[in-house]
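The notes below are in the order in which I checked them.

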Amino acid sequence: MTDERKRQIEERLLELPLAQYAWIRPEELQFPEQVRYICETECPRYGTSWACPPAVGTVAECREKCLSYEEGFLFTSFSEVPDIADLEQTLAYRAGHEEITRQVRDIFKEHGFEVMALSTESCAVCDKCAYPEGACRHPDRMFPCVESYGILVTDLAEKHDIEFMYGGNVVTWFSLILFRKP
């Protein structure tokens, strides 16, 4: 991407409530199998959503898909929640981040890029996902989870000096936009 195009995109991004961001190269992404293992053994959404494994494919397939893009953009937003230990309550606050992710994705699309957006946690667009009986009802609004692809997002954040541990009841939401010229 040219410096001018990056400047134009950043001007638009400044209009959004992003906490921090970094331009990344897809080759920087780490795909340790342990991330997927956590999905399988600890996440109640495993096997229930098009945004989660096994629906997103194997870690090897996800890695191949991610590495087919030329560039990336990692960003965060955050929310203060009443009780960070209450997972259901905490997840209720992520809708704002998902809307920001849609807006960021659309900015890249408006600049002529083919885009894949990964976001935080499992998709919550529908009350009950159509998976595995039917196709996703809202593929334009559903963002697979960054971790569902096996990506160690905290490693990437640390490499780019992105803060994510604020303490208290502050939740850091991550999204990753991968893009390429069509």
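I began with Cys43, whose sulfur is 5.5 Å from the closest cysteine sulfur, in Cys52, and this is too far for a bond, since a disulfide is a pair of cysteine sulfur atoms within 2.5 Å. I noted that this is a predicted model, in which local features need pLDDT of at least 70, side-chain atom pairs count only at pLDDT 80 or more, and totals for chains, interfaces and linings use all residues. I also noted that residues are numbered from 1 along each chain as its sequence is written, and that side-chain values use heavy atoms, with hydrogens and water left out.

Next I looked up Cys129, and its sulfur lies 6.3 Å from the closest cysteine sulfur, in Cys136, again too far for a bond. A search of the whole structure gave me zero disulfides.

I then compared exposure, where buried means under 20% relative accessible area, exposed over 50%, and partly exposed in between, with a 1.4 Å probe and protein chains only. Cys43 is partly exposed at 31%, whereas Cys129, at 17%, counts as buried.

For another cysteine, Cys66, I listed contacts (heavy atoms within 4.5 Å). Leaving aside neighbours within four places in sequence, Cys66 touches residues including Pro26, Leu29, Met116 and Ile151.

Four of its five residues are buried, so β3 is largely enclosed by the rest of the structure. Five bridges join β3 to β4, and the two run antiparallel.

Terms used. Pairing = 2+ DSSP bridges.
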